[in-house]
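Morning, everyone. Let me put the model up, and then I will walk you through the fold, the ligand shells and a few residues.

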Amino acid sequence: MWPAGAKIASSKGLSLFVFLLIPILLFLLSCGGDEFNDGEDYGDILSTEEGLVLTEGEHEIGWGRSDCTVCHNLENIHLVDRSEIGIDIESIHDQVLEEGISGCSDCHGTNGVE
Ligand code: HEC
Ligand code: HEC
């Protein structure tokens, strides 16, 4: 068994370690944390009745408009696949940057635009 003195010394060592570790972890989190950007998040949008196709009910603010990029930054969408069907979100992200808003309707329907 450990002598009482050694026990006290080692628990002091532990609290000093924790005392230093917590600020270091917080520091690391605050640096790295902002760098990973999930982009716009409306959950799994494929799970709604019409799937990817926009409906007035799920797109009240943007309904009937063709100028998608007024509200959606193309760099900030299609960053995370929130469906559970393994979509290649990276290639969609690249495709959308290339095609711009002329391509949105291929996947998201007409958005109420005639
Ligand atoms: C006036 C702003 C605005 C415009 C223009 C706009 N949107 Fe949106 N969009 C939004 C907002 C706000 C949301 C978040 C959902 C909500 O609150 O309606 C959204 C959500 C979405 C979603 C997720 C829908 C879901 O199922 O949750 C998609 C996809 C989308 N927009 C595509 C488009 C496309 C494509 C266009 C152009 C044809 C467009 N948006 C134009 C504001 C806009
Ligand atoms: C090749 C098909 C395709 C095209 C083209 C496309 N999208 Fe998407 N979009 C998707 C898919 C798939 C998702 C759902 C991603 C997921 O969660 O798996 C999505 C999701 C979104 C979302 C919800 C937020 C997000 O990032 O998940 C918005 C907003 C959106 N798209 C807007 C647009 C706009 C605006 C355009 C045109 C500039 C566009 N999309 C073109 C397939 C496409």
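First, the ground rule for elements: helices are DSSP runs of H or I with at least four residues, strands are E runs of at least two, and numbering goes from the N terminus. On that basis, the order along the protein is α-α-α. That makes three helices and zero strands.

Some housekeeping. This is a predicted model, where local features need pLDDT of at least 70, side-chain atom pairs count only at pLDDT 80 or more, and totals for chains, interfaces and linings use all residues. Residues are numbered from 1 along each chain as its sequence is written, while chains are lettered from A and ligands numbered from 1 in the order in which they are written.

Now burial. I call a residue buried if 20 or more other C-beta atoms lie within 10 Å of its own, exposed if 12 or fewer, and partly exposed in between, with C-beta atoms placed from the backbone. Of the protein's 114 residues, 3% count as buried. Helix α2 is hardly covered, with one buried residue among its 11.

Contacts next. Two residues are in contact if their C-beta atoms, placed from the backbone, lie within 7 Å. Take the contacts between residues at least 6 apart in sequence: 65% of them join residues at least 24 apart.

On to the ligands. Near means that a residue's C-beta atom, placed from the backbone, lies within 6 Å of the molecule. Which residues come closest to ligand 1? They are Tyr42, Gly62, Cys68, Cys71 and Cys104, out of 19 that surround it. For the classes, Ala, Val, Leu, Ile, Met, Phe, Trp, Tyr, Cys and Pro count as nonpolar, Asp, Glu, Lys and Arg as charged, and the others, Gly among them, as polar. The ligand 1 shell then splits into eight nonpolar, seven polar and four charged residues.

Ligand 2 has 26 residues around it, and the nearest are Cys68, Ile77, Arg82, Cys104 and Cys107. Two elements give two or more residues to that shell: α2 (89-99) and α3 (104-108). Its make-up is 14 nonpolar, seven polar and five charged.

Now the loop between α1 and α2. Gly43 sits there, with α1 spanning 4-32. Ile45 has 16 other C-beta atoms within 10 Å, so it is partly exposed. From Ile45 to Arg82 is 37 residues in sequence and 7.7 Å in space, C-alpha to C-alpha.

Backbone angles. Most residues other than glycine have a negative phi. His78 is not a glycine, but its phi is positive, about 55 degrees. His78 also belongs to the loop between α1 and α2. It counts as buried because 21 other C-beta atoms lie within 10 Å. Asn111, again not a glycine, has a positive phi of about 60 degrees. Asn111 lies in the segment after α3.

Last stop, His108, in helix α3. Leaving out residues up to four places away in sequence, His108 touches Leu52, Val53 and Leu54. His108 and Val53 are 55 residues apart in sequence and 4.2 Å apart in space, C-alpha to C-alpha.
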